[in-house]
Structures are given as structure tokens and as C-alpha cells.
Amino acid sequence: MAKVSVLNVAVLENPSPFHSPFRFEISFECSEALADDLEWKIIYVGSAESEEFDQILDSVLVGPVPAGRHMFVFQADAPNPSLIPETDAVGVTVVLITCTYHGQEFIRVGYYVNNEYLNPELRENPPMKPDFSQLQRNILASNPRVTRFHINWDNNTDRLEAIETQDPSLGCSLPLNCTPIKGLGLPGCIPGLLPENSMDCI
Amino acid sequence: MKLLKPTWVNHNGKPIFSVDIHPDGTKFATGGQGQDSGKVVIWNMSPVLQEDDEKDENIPKMLCQMDNHLACVNCVRWSNSGMYLASGGDDKLIMVWKRATYIGPSTVFGSSGKLANVEQWRCVSILRSHSGDVMDVAWSPHDAWLASCSVDNTVVIWNAVKFPEILATLRGHSGLVKGLTWDPVGKYIASQADDRSLKVWRTLDWQLETSITKPFDECGGTTHVLRLSWSPDGHYLVSAHAMNNSGPTAQIIEREGWKTNMDFVGHRKAVTVVLTCLKRPLVVIHELFDKSIMDISWTLNGLGILVCSMDGSVAFLDFSQDELGDPLSEEEKSRIHQSTYGKSLAIMTEAQLSTAVIENPEMLKYQRRQQQQQLDQKSAATREMGSATSVAGVVNGESLEDIRKNLLKKQVETRTADGRRRITPLCIAQLDTGDFSTAFFNSIPLSGSLAGTMLSSHSSPQLLPLDSSTPNSFGASKPCTEPVVAASARPAGDSVNKDSMNATSTPAALSPSVLTTPSKIEPMKAFDSRFTERSKATPGAPALTSVTPTAAERLKEQNLVKELRPRDLLESSSDSDEKVPLAKPSSLSKRKLELEVETVEKKKKGRPRKDSRLMPVSLSVQSPAALTAEKEAMCLSAPALALKLPIPGPQRAFTLQVSSDPSMYIEVENEVTVVGGVKLSRLKCNREGKEWETVLTSRILTAAGSCDVVCVACEKRMLSVFSTCGRRLLSPILLPSPISTLHCTGSYVMALTAAATLSVWDVHRQVVVVKEESLHSILAGSDMTVSQILLTQHGIPVMNLSDGKAYCFNPSLSTWNLVSDKQDSLAQCADFRSSLPSQDAMLCSGPLAIIQGRTSNSGRQAARLFSVPHVVQQETTLAYLENQVAAALTLQSSHEYRHWLLLYARYLVNEGFEYRLREICKDLLGPVHYSTGSQWESTVVGLRKRELLKELLPVIGQNLRFQRLFTECQEQLDILRDK
């Protein structure tokens with residue numbers, strides 16, 4: 001049984017300009033005191049096409065974690081625009097929050113992120129070279145995609161690799177205001193980012 | 001008979017393997033297969049029982065679901081008390097669940113809020129022992145034990161009072177054990193297995209009583225479960241799966257001689273309800289389910305049964321009394337048990353104990369009163385529940401919203417050794433909580449030692465920015481939450497301190513290490529251990545050489561700085577946001593060449609303190625080892641082992657605030673008036689606007705004051721004491737060596753000299769309390785320093801040392817007594833929450849609380865984080881409480897003594913320690929008939945012992961086991977009163 005379960009992730013300051021930092025307020029519950037720290041990461045998916053454009057925005061250790069409910073704010077700088085393919089700058093992409101214990105990932109929370117120009121003119125005629133300062137980032141906070149993995153919480157050897165519960169109610173459609181632009185909505189186009197079973201609902 | 005199949009009770013079509021109705025009949029649990037995991041669901045019973053409730057959308061049907069089991073759940077069982085639910089599954093685990101109150105409905109994160117859990121059931125224990133699927137679990141009568149059986153061929157008996165303790169593992173089956181049942185009087189447990197045997201075990205020694213094989217000879221090993229059951233009167237055992245002439249039967253086994261003469265015939269996917277007085281089944285229901293029946297549970301009133309099936313559905317059978325007859329009440333059942341089997345220890349529990357004869361009407365009265373109180377509390381609690389959201393949303397007096405607003409600002413972030421960010425999460429709730437008390441803000445399990453080890457073990461810098469208004473984790477690692485600063489640094493560090501404190505100082509005497517440090521450092525940063533580390537790393541040799549010739553000069557200069565600093569702080573004391581610099585105490589002792597350390601005291605506004613007269617002073621004492629270099633330089637001819645404390649140097653003027661309420665401060669101006677070539681020093685004292693002043697002939701080095709006296713130490717080892725109006729009370733006292741620290745509380749004056757001797761005088765009564773006592777015994781042998789001094793109102797001096805220990809001097813015994821130890825593991829393991837009278841009583845203030853800081857409180861909290869065997873827990877708690885009582889006694893803090901004594905007694909009562917309790921009572925009571933030879937004192941630290949005993953009596957009365965003791969004390973007290 002997972003020792004840590006995420007109770008909630010609140011997206012703070014959303015929507016916000018592209019360059020402002022990401023801020024997530026994470027509440028989690030721990031059923032037994034952990035011997036070691038949890039490691040949280042924010043991964044920004046630069047391009048749906050390839051994992052190589054993924055940017056780890058920040059990783060942070062959280063601890064000590066005694067039994068109980070805890071919360072913290074995870075703040076990470078905005079992604080480096082120079083690492084994002086120009087064609088992928090505007091539109092829908094994904095930001096992931098992962099947590100690992102002893103190097104094993106046990107939860108992955110994915111959010112759709114929509115980057116778009118606020119200015120209607122720019123929206124109509126987007127510049128060839130994306131103007132990141134004009135972009136607004138909107139995280140689809142109401143629809144987190146949560147995947148939980150069984151990991152080995154103790155130091156004993158039997159490892160469980162199976163994917164834990166996948167809630168069927170996750171199967172919700174993308175809201176309309178978040179129009180998939182570059183075929184991101186197609187199943188399996190972000191290989192390895194979200195497990196298959198949570199993608200086929202899109 | 002009514003038959004109902006509530007379709008809403010399902011596991012989304014997955015099989016349901018087990019069903020159990022809660023003892024109070026309001027809910028039931030099902031266990032079975034979930035989506036990729038095992039699943040336990042708790043359902044509301046009323047929609048099953050009443051059609052109206054089923055249709056009412058406001059009545060929840062599903063109360064809670066738990067997906068924690070990794071694989072299919074084979075069995076769910078409520079404890080007899082209804083407090084716990086045990087579940088066992090294919091993941092080899094048994095989980096014990098308990099309802100968590102105060103935490104409101106919650107959803108599974110990411111599940112779109114569809115599956116709100118109305119009740120929160122939390123796994124409180126995971127029992128790991130079986131090496132195969134757990135097939136059945138069973139609670140013993142009175143919930144003393146929990147038994148589980150598994151396909152690993154064993155039955156495990158767990159101690160249900162102290163999970164996860166295993167009392168016995170019953171081996172003997174040679175096949176998968178698939179069913180368990182307890183004898184209703186707790187004498188036996190029966191198990192049935194695929195090895196075609198039914199075994200009965202004794203609970204007395206956990207050995208096999210009998211093994212029954214004959215009826216099962218023809219059985220195949222195909223059933224999923226073999227749930228057998230014991231009749232409520234204990235006479236018969238009904239097995240699930242037997243064969244009689246190739247027909248499936250339910251074998252009846254008699255308790256008398258384990259005879260197997262009877263059976264119930266006629267099972268094929270049917271439910272048969274048998275009335276024992278008839279020869280035929282009462283009712284046979286066919287084709288109720290598509291697949292086999294897995295589990296059956298009777299309702300409390302015995303008139304209904306819930307049946308679950310592999311096909312994933314549940315059926316409810318409702319009978320009337322006409323059909324089944326009148327059920328027996330629990331008491332009647334218990335009476336039958338007692339008449340049949342007699343009283344045995346196994347069935348003697350609290351419930352029975354309460355039916356024991358009450359010998360004393362007074363006892364009865366107390367019991368009644370107690371019940372009334374509990375009722376009152378309950379009603380108060382329910383009233384509070386109305387505003388439960390606000391209760392739940394408050395941590396440490398701050399609402400959750402406030403916390404969230406400031407979370408980012410307040411959250412403690414550090415860097416690990418490899419430079420990674422590390423966030424200490426904010427603890428918003430304890431687990432297993434019925435009580436939503438989070439006593440500490442950060443989730444570091446803080447007690448002094450833990451925070452201390454965290455500081456020292458992490459060689460990585462740990463900067464903990466302290467906002468004085470924030471209750472921070474670091475509060476506990478400070479010797480006391482008083483704004484005391486014990487800063488220590490070598491000359492280089494010190495000069496940086498000077499910069500940072502904006503004190504005027506010439507950077508003339510900078511050693512090379514200063515050059516490596518940034519010139520502009522924020523006050524906090526200056527004490528960052530990263531910095532200390534660096535300055536430590538710089539070669540010590542150059543600094544040493546530069547010190548030697550100018551050591552004296554340097555000392556002087558430092559003293560100047562030292563004296564300036566308190567004033568600086570004083571001036572800025574209006575600024576409540578003033579940061580308190582902290583230094584790593586351990587760094588202090590390590591450095592060889594260590595010059596003076598300073599004492600800063602500051603009163604902070606916005607931090608209420610009960611007793612402003614108990615004012616700790618901080619200072620550092622150098623141990624011999626650290627002193628060698630300096631000694632050489634100063635050419636001191638002190639004996640090798642002599643301790644030397646820092647001496648305040650003369651300075652032109654300084655101000656000292658004695659207290660803020662009433663406002664009182666002392667001003668000293670040295671060498672102000674010249675009368676015929678003689679320089680005089682002036683001492684001014686202002687108390688609530690009333691001022692007085694006096695002059696002294698020599699320069700004043702240090703001053704101290706209380707509400708009753710003002711005293712000053714001058715050059716030439718002179719100590720003068722004045723009344724609050726400025727009248728000299730004593731002719732000057734000649735101290736044996738120069739003054740190091742002076743302190744006053746009430747009419748007590750404490751002087752700590754440079755030769756590390758301590759004296760305390762009562763100025764009003766003009767007697768000595770402590771006479772030139774050496775600190776040698778508490779400081780000897782290690783690099784310890786005194787970090788804080790305290791003088792209680794009873795004139796007891798207390799020294800807090802840098803290693804977290806605190807000693808007080810007991811004048812009557814002439815000994816140093818250890819009263820507090822931050823490293824004390826007892827404090828961390830002690831758990832006496834159950835004995836706490838109420839939350840606010842914990843806020844007991846006094847010298848002991850000040851010395852121990854918040855540790856006592858947080859240790860109590862931290863105790864929950866450790867899982868210690870119960871016996872060890874008991875012992876440590878006792879030892880800890882006894883320490884506290886003794887410490888409060890030594891400190892002559894009557895209020896605290898009473899507090900801890902009552903707490904201790906309450907713990908003794910709760911845990912049933914008779915001898916110690918009796919001893920306490922005996923001492924408090926004393927001899928009833930007066931005799932001249934009696935050594936008995938009627939008071940202890942100013943409290944009348946018999947009054948204390950009267951307070952204790954209701955506590956003792958809470959446990960019927962002590963009714964004799966209660967009666968004895970009560971009667972003797974009555975005799976005394978009548979005299």
C-alpha cells in the first residue's frame with residue numbers, strides 16, 4: 001500500500017504570463033513516517049513530438065515526512081523558451097508533477113497547459129517567431145490526470161511494478177476552451193508521458 | 001420473510017467475497033475485488049432496511065471505499081466494539097481500519113469528485129506475517145485478539161491491543177486454512193482447512209485441542225472459503241463444508257466431547273435457515289445468486305442476514321420475530337455464558353469489571369459524576385461539531401486559509417549537502433486523529449535533541465530563518481523560547497557580528513579570515529553555519545599569532561562591543577520583527593581558540609510571558625581546553641583545571657531593561673562626575689516613571705534588577721545591593737573573584753564569578769542560599785558551556801548547558817541536580833496523552849517549562865511518530881513523568897509540581913500501577929494520628945499534601961480496580977477532617 005497519497009494539488013496564480021514561475025500547492029498524506037525524503041519534480045513538456053524537449057523545471061526534496069497530512073508549495077521557474085520548438089510554443093502542452101521515493105516514481109499528476117496570446121490580433125495572426133512575453137499560460141487545473149504506481153516503500157526486495165488504481169472517472173473529455181491544436185489530443189502522441197491507459201480516454 | 005437484493009451494493013460487477021454488518025447495525029462492509037486492486041467498501045445500512053431511505057438522495061449509500069489492498073479482499077470483519085474493521089486479502093496483508101473523525105468528506109484526488117467518502121476510514125495497522133493469501137480474519141470476543149488464517153497453512157493470533165504484536169502462530173494444518181471462528185466465551189478458536197480437517201485450538205496455551213477429520217473425508221479442495229461458525233451459546237460448532245453420503249452438508253460439532261453426530265443437509269447454491277428445534281430447514285432459497293455464496297452476516301437483532309456472492313451482488317433477508325423467535329440480549333447471553341462456562345479470564349474484561357460490586361458509595365458517586373461529565377463533554381462536542389469546519393480548519397490558532405496564504409513565505413526551505421533544495425512540509429494534521437491537535441507548526445518531530453542532531457549531523461548548512469512572530473520548528477532547539485541569543489564566534493566571526501549588528505567597531509583587528517567573508521552580511525546570514533564553517537576552515541595560525549600580543553587589548557575592545565550590543569537591541573526592541581540571530585552551539589565548543597562570547601538579552605514585545613521576573617540570561621563559559629591559548633597570552637596563573645568565565649569590561653555607559661511591565665530600566669554612567677579629582681559613577685533607575693539615582697565610587701561593570709532589588713557589580717570585586725527606592729540594603733559585598741554575571745529574581749541576588757563560582761543570597765532575609773558553589777562539577781571534562789542562567793523565584797539557580805542539559809542547584813542537598821535534558825529520549829517516547837486532563841492544562845508555566853522550553857510539549861507529540869512496544873512505552877512514560885515530578889520538586893515550583901504529580905497519578909491510575917500509586921497516597925496522607933516521632937511534613941513546596949490527596953481522589957476513583965485504595969484514603973481524610 002502506498003505510504004503517501006496525494007490529497008490535492010492546487011494550481012496557484014493561474015492563468016499567468018508565460019514567464020512567471022509555476023506554483024503548485026501540494027497536500028499529501030503519509031500513513032507511516034518516511035525514512036527518507038520525497039523527491040518532487042515539475043516537468044514541462046516542450047513538445048508533444050518528442051521527449052527530448054522535456055524540461056525538468058525543478059526538483060525538490062521534501063522531508064522529513066512523519067505520519068500525517070502535510071502541505072507545501074512547490075515553485076519552479078518558467079520553462080526556458082529557447083528549448084521549446086517554435087512550432088510548439090503556442091497551443092496545448094502538458095506539465096507534469098511527479099513524486100519519487102527512493103528513486104521510484106509512485107505518482108504522476110499531469111495537467112494540460114494552454115499557451116495562447118491574450119491580444120486578439122496576435123491570436124489571429126501569430127508572429128512567425130513566438131513572442132513569449134505576450135503569451136499567457138493557462139493550466140487546466142480542474143482536470144488533473146493522476147496515475148499512481150506501486151512502488152516498494154520499504155527496503156525489502158519484492159518489488160511491485162504494476163500500475164495501481166486507475167480511476168475510471170478520469171475518463172473525461174478535454175474541455176472545449178482548450179482546443180487541441182497540434183494533434184495533441186490524439187492517443188499516444190506523447191509517448192511515455194502519460195501511461196497509455198490514461199491517454200486513451202482523450 | 002422479506003427478501004431484498006439492493007443492486008446499488010456492488011463492486012462494479014466484481015466479485016464480493018465478504019460481508020459483515022457493523023455491531024451497531026448502522027452500516028456494513030463488503031470486501032472483494034476492485035479495479036486492479038482489492039476493495040473494501042463501507043455501506044450505509046438504513047437504505048437497505050428502509051425503502052424511504054433508499055429513495056432519499058440526501059442519505060448516502062456508500063460511506064467509504066478503500067482501495068488500499070493490493071489484491072482481492074477475502075474477508076472483512078468488524079471488531080465487537082465496532083471501532084475497528086479488519087480486512088484480509090490476497091496481498092498477504094491484514095489491514096485494520098479505524099474511523100478518523102474531524103477530517104471531513106474528501107475525494108480521491110484526480111477522480112473528478114464523484115466518489116466522495118462520507119466517512120473517513122483510515123488504515124491504522126498493517127499486519128504482515130502471512131506468506132500467502134489471507135482467507136479469513138476473526139476478532140475474539142471482547143476484541144482482545146485478532147486471528148487470521150492463510151493459504152500458508154497457518155493461523156496467526158494478533159494482539160489486538162498492541163498491533164502488530166503476534167501472540168501465536170498456530171501450525172498444524174497441512175492445507176490452505178480457509179476459515180476461522182472463535183468460541184463465544186473465548187476459550188477456543190476453530191479453523192478449517194483444505195486438508196480435510198477442522199482443528200480446535202485452546203486460547204490458554206494456543207495448543208491444539210482436537211482435530212476433526214471424519215466428516216470431511218469425502219471433501220474436495222475446491223471451495224474458495226470454508227467459513228465455519230460457532231453458535232452464540234457456545235454449544236455447537238457448524239462447519240461449512242462436509243460430506244455425508246456424497247451429499248454436501250453442514251456438519252455440527254458439539255462442544256461436549258467434540259462429537260459429530262448431526263449435520264444440516266441440502267446445500268446447492270441455496271441459503272438455508274435452520275431452526276434448531278425443527279428437523280427441517282425453516283426456509284430454503286434457491287437461485288438467489290448466479291454464483292456461489294461467499295459470506296453471511298447476521299444483524300445485531302438476529303432477525304436479518306446479509307449474504308454476498310461471487311457474482312458481485314448482495315442479498316438481504318429480513319425475518320420477523322414470529323418466524324425466528326425472540327433474540328436474547330447481550331446481557332442474557334453473557335449470563336448464559338457465565339452459568340454454563342463460569343467466569344474465565346478470557347471473558348472478564350472492562351465490561352464485566354464494571355459490573356463488579358462497588359463497595360463504597362463515594363466511589364459510586366464519583367463514577368456517576370464522571371459519567372455526567374462525559375455526557376456534558378459529549379454534548380459540548382456535538383455543539384462544537386456545528387462549527388466543525390472552523391475547528392478542523394484551524395492549526396495553531398491560524399486558519400487553514402491564513403496558512404495557505406503565507407505558506408510559501410513561511411515554509412522552511414534548506415539546502416542539502418549536495419546543494420539541492422529541501423522543503424520541510426507543513427504538517428496540517430496528525431494521523432489517527434480523533435483529535436485535531438497539531439501542536440507544532442512544522443512537521444519536524446521536534447524535541448531539542450532531534451532538532452539538535454539535525455543541526456549537527458547535517459554538515460550541510462541549515463539556515464533557519466526565524467520570524468519571531470512565527471512559531472517555528474526551531475523554537476524548540478533553542479534552550480528556551482525566550483529571546484536569548486548565545487552567539488559565539490572567534491575574533492574574525494565576532495568582527496563580522498559587529499558589522500552585522502551595526503555596532504560601531506573598528507575593523508582594525510581583522511584576521512585573514514575576515515577578508516574571505518563578504519563585508520555586507522545580513523544579520524541572519526552572519527550566523528549561517530555555512531559561514532561559521534568557512535571561518536572555521538580558515539587557518540587558525542595567523543589569527544593566533546595576531547592575537548597573542550594584543551590579546552588584552554582585543555579583549556577590552558570586545559567587551560566594549562559586548563556592552564554596546566544589548567543597548568542596540570534594547571533600542572530596537574520596539575521593532576517586533578527583529579530577527580534573532582542564532583548560532584550553532586556545537587560550533588562553539590569545537591574551536592580551540594575562542595574568545596569571548598557575548599550575552600545578549602532582549603525583551604520582545606508580542607510574546608507574552610507569564611513571569612517577567614524569571615529572566616534567563618545567556619552567556620558562555622569557556623572550558624579549560626578552549627582557554628589554554630588565552631591563558632598563555634594573559635599570563636594567568638590559574639590552576640590547570642580552573643574554569644574561567646568571561647568578565648564584562650568597563651564601559652562608559654549602558655542601559656538595562658529589567659522588565660517591561662511594570663516598565664523598569666537601569667541606566668549606568670561611569671566616571672561622570674569629577675569631584676575634587678575623584679571620578680564617580682552614577683546608577684539611575686527608572687520604574688514606571690519614578691526615578692532614583694545614586695553614585696558609586698568605582699566603575700560599574702554590570703547591573704541587574706528585579707521588582708524588589710537592584711544590584712550592581714563594580715570594579716574591585718564589589719557588589720552593592722539597593723532597594724527599589726534606591727536605598728542601600730547592604731554594605732558592599734566583596735566577591736571572591738571578579739564578577740561574570742549578575743542576576744536578580746525577587747529578593748534573590750545571584751552572582752557568577754569569573755572563577756566559575758556561584759553564589760545566591762536572599763537580600764531581604766539576609767541569608768546565603770548558595771555559597772560559592774563551583775560550576776566545576778557540571779562543566780568538567782568536556783567542552784561544555786553554559787548557555788543560559790535562570791534564577792527561580794525561590795532562589796534556585798539553574799544552568800542550561802550547551803549540550804542541552806540543565807542543572808539546578810539544590811541548596812538543601814548541596815547538589816547539582818539534572819532537571820532537563822534535551823537529549824532525553826524518554827521525553828520523546830513518553831506518551832501520556834490519555835492522562836492529560838485537557839488541552840489548556842498543558843499550558844502550565846513555571847521555571848521547569850521555561851527550562852525545558854517547548855520540548856515537553858512537542859516530545860509528547862513526537863511520541864506518536866515512534867512505534868514502540870506498549871510495555872516500553874509504559875516504562876518510558878513512567879520514568880519521564882517521575883523525572884518531571886522530581887524536577888518540579890527540586891525547582892520548588894509548586895504549580896508545576898502539582899501539575900505533574902496529578903498527571904503522573906492519572907497515568908498510574910489509567911495504566912493500573914497500584915504500588916506506586918499507593919506509595920504516593922501514603923506519603924500525601926501522612927500519619928492520621930499525630931505522634932511526636934513522625935518525620936512527616938505536612939506540606940510539599942508550599943502545597944498542603946492532604947489537599948493534593950483530595951485532588952487525587954477523584955482521579956483514583958476513575959478506575960474501579962483502585963476502589964479499596966480510594967476508600968482507605970477517603971475514610972482517613974474524613975477522620976482527619978472531623979478531628
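Which residue lies over the face of Phe22(A)? I started my notebook there, and the answer is Arg137(A), at 3.7 Å from the ring centre. I keep in mind that this is a predicted model.

**Entry 1: rings in chain A**

I stayed with Phe22(A) and found that ring pairs link it with Phe24(A), Tyr44(A) and Tyr111(A) into a cluster. I then searched the whole structure, which gave 23 aromatic pairs over all chains. One of them joins Phe28(A) and Phe72(A), with ring centres 6.1 Å apart and planes at 75 degrees. Planes over 60 degrees apart count as edge-to-face, so that is the label for this pair.

**Entry 2: rings in chain B**

Next I noted Trp692(B) and Phe722(B), a tilted pair at 6.1 Å centre to centre with 45 degrees between the planes. Trp692(B) belongs to strand β38 (residues 690-696) and Phe722(B) to strand β41 (residues 718-723), both of chain B, so this pair ties together parts 30 residues apart in sequence. Both residues are buried. I also checked for a charge over a ring in this chain: the charged end of Lys61(B) sits over the ring of Trp8(B), 5.7 Å from its centre.

**Entry 3: chain B as a whole**

I stepped back for the totals. Chain B has 979 residues, and 52% of them are buried. Its secondary structure comes to 25 helices and 52 strands. Among its contacts with a separation of 6 or more, 54% are between residues 24 or more positions apart. The accessible surface is about 43,800 Å², and carbon and sulfur atoms account for 52% of that.

**Entry 4: a hairpin**

I picked strand β2 of chain B, residues 16-21, and found it mostly covered, with 6 of its 6 residues buried. β2(B) pairs with strand β3 of chain B, residues 27-33, in the antiparallel sense over 5 bridges. Within that pairing, I traced Val19(B) to its bridge partner Thr30(B) in β3(B). The hairpin has 5 residues between the strands, and Gly25(B) takes a positive phi near 75 degrees.

**Entry 5: an open sheet**

What is the strand order in the open sheet of 4 strands? I read it as β43-β44-β45-β46 in chain B, with antiparallel pairing. β43 (739-745) and β46 (767-774) stand at the edges with a single partner strand each, which leaves one side of each without a neighbour in the sheet. Neighbouring strands here are turned by 10 degrees against each other on average, direction ignored. Looking at one pairing, I found 6 bridges between β43(B) and strand β44 (residues 748-753) of chain B, in the antiparallel sense. Cys744(B) stands opposite Val749(B) in β44(B).

**Entry 6: one threonine**

Last, I looked up Thr340(B), which lies in helix α4 of chain B, residues 330-341. Its relative accessible area is 35%, so Thr340(B) is partly exposed. I also checked Thr340(B) against His235(B): they are 105 residues apart in sequence, and 9.5 Å apart in space from C-alpha to C-alpha.

Note on methods
Residues numbered from 1 in each chain as written. Chains lettered and ligands numbered in written order. Predicted model: local features only at pLDDT ≥ 70, side-chain atom pairs only at ≥ 80, totals over all residues. Heavy atoms only, no water. Buried < 20%, exposed > 50% of the residue type's maximum accessible area, 1.4 Å probe, protein only. Helix = DSSP H or I, 4+ residues; strand = E, 2+ residues; numbered from the N terminus. Pairing = 2+ DSSP bridges. Contact = heavy atoms within 4.5 Å. Areas by Shrake-Rupley, 256 points an atom, 1.4 Å probe, with all protein chains shown as cover. Axes fitted to C-alpha atoms, helices over the stretch in contact; angles between N-to-C directions. Phe/Tyr/Trp six-rings, centres within 6.5 Å; stacked < 30°, edge-to-face > 60°. Lys NZ or Arg CZ within 6 Å of the ring centre and 35° of its normal.
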